[in-house]
Amino acid sequence: MMLLPPLSSAVLSVVAYFAAFMLTYIISFFSIEILTDEWGVNVPIFLLFRNLIMLIFFASWYYHFILKPGKKHIDPFETVIESFSVFKKHLYFIPLLIAAGYILQFLTTHLLRQLSLMMPEVMQSYTESVSSLIGGTASLLTVFTVTFISPVAEEILFRGLSQKYAERAFGALPAIFIQALIFGIFHMDIIQGIYAFLYGTVFGFMAHKSKSLMPSIILHAAINLSAYLIP
């Protein structure tokens, strides 16, 4: 039974992928194509749709099966407001999280540059993978999606759902590493998978210690945005 949630989330991720692909392809008949891939799909719009669909899927799941059980009356908007209210007591952490995100991305970027000198073939594959993911260039829509939509959707999926279900089965510490491993595999690239696993471990510890997804969402968003800011 414990395999059901991760299998279900994997199926929903695939559904979100193809639903976003079809929506983007349909829109392409009514708009001028820019930043298209070999399928003629507008990649920034595809990324936006995919992450929005994932956000709707997994936020609904998280609300109905993680937050709501055991509580007679719970309003999703009140829950969000409550999360902000709790986190507001520690607002000084926000600049620290943003700075930490930039530093982590800076270190990751420079480490990857060193690896590109030692393993050019592997890094070429990684570069092509990332380039295809963002459509070859950083459009404003892509930056917006990767910075604001993707971190929320992924934190709900991995730290909100995967970690919670794994914690029920294996305990807190194993759950952190299990969800981090799934997070790494989710990126479908060996280089991305390694540093996503490390990031996921940090996010997992933060979510566990703070009992909130807000700190990991902010750090995740800061890391993603910093990827576009570091020269």
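This is a predicted model: local features need pLDDT of at least 70, side-chain atom pairs count only at pLDDT 80 or more; totals for chains, interfaces and linings use all residues.
Let's start with valine 130, which counts as partly exposed because its relative accessible area is 23% (buried means under 20%, exposed over 50%, partly exposed in between, with a 1.4 Å probe and protein chains only). Valine 130 sits in helix α5; helices here are DSSP runs of H or I with at least four residues, strands are runs of E with at least two, and both are numbered from the N terminus.

Residues are numbered from 1 along each chain as its sequence is written, and side-chain values use heavy atoms, with hydrogens and water left out.

Helix α5 also holds valine 122, which is partly exposed because its relative accessibility is 32%. Valine 122 belongs to a nonpolar surface patch of about 710 Å², together with Leu117, Met118, Met119, Ile190, Ile194 and Leu198. Patch members have over 30% relative accessible area and no salt bridge; nonpolar side chains (Val, Leu, Ile, Met, Phe, Trp, Tyr) are joined within 5 Å, like charges within 9 Å. A salt bridge, in turn, is a side-chain nitrogen of Lys or Arg within 4 Å of a carboxyl oxygen of Asp or Glu. The areas come from the Shrake-Rupley method with a 1.4 Å probe. Both α4 and α8 give two or more residues to this patch, and α8 gives the most, with three.

Now for the inside. The largest nonpolar core has 30 residues, and Phe58, Leu112 and Leu161 touch the most other members; such a core is a set of buried Ala, Val, Leu, Ile, Met, Phe, Trp, Tyr and Cys residues joined through side-chain atoms within 4.5 Å. At least two core residues come from each of α2 (43–67), α4 (93–118), α5 (120–134), α6 (140–170), α8 (190–210) and α9 (214–229). The largest share, seven residues, is from α8. Beyond four places in sequence, leucine 161 is in contact (heavy atoms within 4.5 Å) with Phe58, Trp61, Tyr62, Ile66 and Ile156.

Last stop: serine 226, in helix α9. Serine 226 is buried because its relative accessibility is 4%. A polar atom of its side chain lies 2.6 Å from the backbone oxygen of alanine 222. Leaving out residues up to four places away in sequence, serine 226 touches Gly101, Tyr102 and Gln105.

Terms used. A polar contact is a pair of N or O atoms within 3.5 Å; within protein, one must be able to donate a hydrogen and the other to accept it, and residues adjacent in sequence count only if both atoms are side-chain atoms.
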